[in-house]
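Notebook open, model loaded. I want to look up the core, the aromatic rings and the pocket.

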Amino acid sequence: MRFWLMKSEPDEFSIDDFAARPDQTIAWEGVRNYQSRNFMRNQMAVGDQVFFYHSCCKDPGIMGIAVVSKPAYPDATQFNPASKYFDPKATQDNPRWFNVDIMLLHRTRLIPIRELRQYPQLSRMRVLQTGNRLSITPVDPSEWQFILQYL
């Protein structure tokens, strides 16, 4: 099992939106970064654990824990000309973009980024690195276990 952090802007999709979804499950569609796509397509597996993280907001931070519930499959938005995620170079035979489904396990208290930065044990965590803008990042098992202590 692997561990991940997946960012979402709460104006786009919040922890409340997640909790209100049928089966508390969502296709993590619309990712248009190759590295994040590769994480989903090549490395994520059913059962992997995920920190659900609010970004680009007043108090960015971890808001919940989810689990990968469906392995990678082609992101349907790439084929829809009406979608803001449409990709004219993608075809059904040669999709460029993939997503996984994730299911919310439970909300957590907000663990703000400023709190995460306080702990030397998390100094190598990718979300805390200067210039990191990836929406999906791996989380080291030791970082995962450390954070769980503070939920």
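Predicted model: local features only at pLDDT ≥ 70, side-chain atom pairs only at ≥ 80, totals over all residues.

These are my notes, in the order I looked things up.

Core. I started with the largest nonpolar core, which has 21 residues. Met 6, Phe 18, Trp 28, Met 44, Ile 102 and Ile 136 touch the most other members.

Rings. I got eleven aromatic pairs. Trp 28 and Phe 52 have ring centres 6.1 Å apart and planes at 90 degrees, so I logged the pair as edge-to-face. Trp 28 sits in the loop between β2 and α2 and Phe 52 in strand β3, 24 residues apart. Trp 28 counts as buried because its relative accessibility is 8%, and the cut-off is under 20%. Phe 52 comes out at 0%, so it is buried too. Next I looked at Phe 51 and Trp 144, a stacked pair with 3.8 Å centre to centre and 25 degrees between the planes. This pair joins strand β3 to helix α4, across 93 residues. I also noted one aromatic cluster formed by Phe 13, Phe 18, Trp 28 and Phe 52.

The largest pocket came out at about 850 Å³. Of its 28 lining residues, Lys 7, Ser 8, Glu 9, Ser 55 and Ser 135 are the closest to the centre. I sorted the lining into twelve nonpolar, eight polar and eight charged residues.

Technical notes
Residues numbered from 1 in each chain as written. Heavy atoms only, no water. Core = buried A, V, L, I, M, F, W, Y, C linked by side-chain atoms within 4.5 Å. Buried < 20%, exposed > 50% of the residue type's maximum accessible area, 1.4 Å probe, protein only. 1 Å grid on protein atoms, 1.4 Å probe; cavity = no way out; pocket = protein on both sides within 12 Å on 5 of 7 lines; lining within 4 Å. Points joined across faces, edges and corners; volume = space filled by probe spheres on them. Nonpolar A, V, L, I, M, F, W, Y, C, P; charged D, E, K, R; others polar. Phe/Tyr/Trp six-rings, centres within 6.5 Å; stacked < 30°, edge-to-face > 60°. Helix = DSSP H or I, 4+ residues; strand = E, 2+ residues; numbered from the N terminus.
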